[in-house]
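Let's take a friendly walk through this model, one element at a time. Have the sequence and the 3D view at hand as you read.

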Amino acid sequence: SREYQLKCGRAYILIPMANEVRKENGEVSGDWHEDHYLYEVKSLIDKIYAQNSQNINKIIGLGDSSGSEFLSKLAHLYPTLLDEIVPVGDDDLPTK
């Protein structure tokens, strides 16, 4: 609610979770490497921003491990979506 956001300093925290399923053979499906999550997370951010733009000053993305790789892909595909990114714990980040 608006009242809750004012108490918290107007911070909106979105924590998307991949729909991971580990099969009996150890194979994982539904992880962040599936590109359809890029559009789904962008759509969530767009929706939250559209409903609360007057309360949002910056959009900052934080990702760890495969979430960090996902964040890099998201920033590359939608370069104006995030104001800042904080990738943590990924050795697969682009250097340029």
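## The buried side of helix 2

In this predicted model, the buried residues of helix 2 are Y37, L38, V41, K42, I45 and N52. Here, buried means under 20% relative accessible area, exposed means over 50%, and partly exposed lies in between (1.4 Å probe, protein chains only). Because these residues cover an arc of only 130° around the axis, they sit on the same side of helix 2. That arc is taken from the directions that run from the helix axis to the C-beta atoms.

Turn to the face pointing away from the buried side of helix 2, and you will find the exposed residues Y39, K47, A50 and Q51. Helix 3 is included in what covers the buried residues of helix 2.

## How helix 2 meets helix 3

Two packed helices are described by the angle between their axes and the distance between the axes. For helix 2 (residues 36-52) and helix 3 (residues 66-77), the packing angle is about 70° and the axes are 10 Å apart. Helix 2 is therefore roughly perpendicular to helix 3. Axes are lines fitted to C-alpha atoms, for helices over the stretch in contact, with angles from 0 to 180 degrees between N-to-C directions; under 35 degrees is roughly parallel, over 145 roughly antiparallel, 65 to 115 roughly perpendicular and the rest oblique.

Which residues meet here? Helix 2 brings Y37, L38, V41 and K42, and helix 3 brings F70, K73, L74 and L77, where contact means heavy atoms within 4.5 Å. By type, the residues of this contact are 6 nonpolar, no polar and 2 charged. Ala, Val, Leu, Ile, Met, Phe, Trp, Tyr, Cys and Pro count as nonpolar, Asp, Glu, Lys and Arg as charged, and the others, Gly among them, as polar.

## Helix 3 and its neighbours

Buried residues of helix 3 are G67, S68, E69, F70, L71, S72 and L74. They pack against helix 2, strand 3 (60-64) and strand 4 (84-88).

## The whole chain

The chain has 3 helices and 4 strands, running α-β-β-α-β-α-β from the N terminus. Helices (H or I, at least four residues) and strands (E, at least two) are DSSP runs, numbered from the N terminus. Of the 96 residues in the chain, 28% are buried.

## Reading notes

Residues are numbered from 1 along each chain as its sequence is written, and side-chain values use heavy atoms, leaving out hydrogens and water. As the model is predicted, local features need pLDDT of at least 70 and side-chain atom pairs count only at pLDDT 80 or more, while totals for chains, interfaces and linings use all residues.
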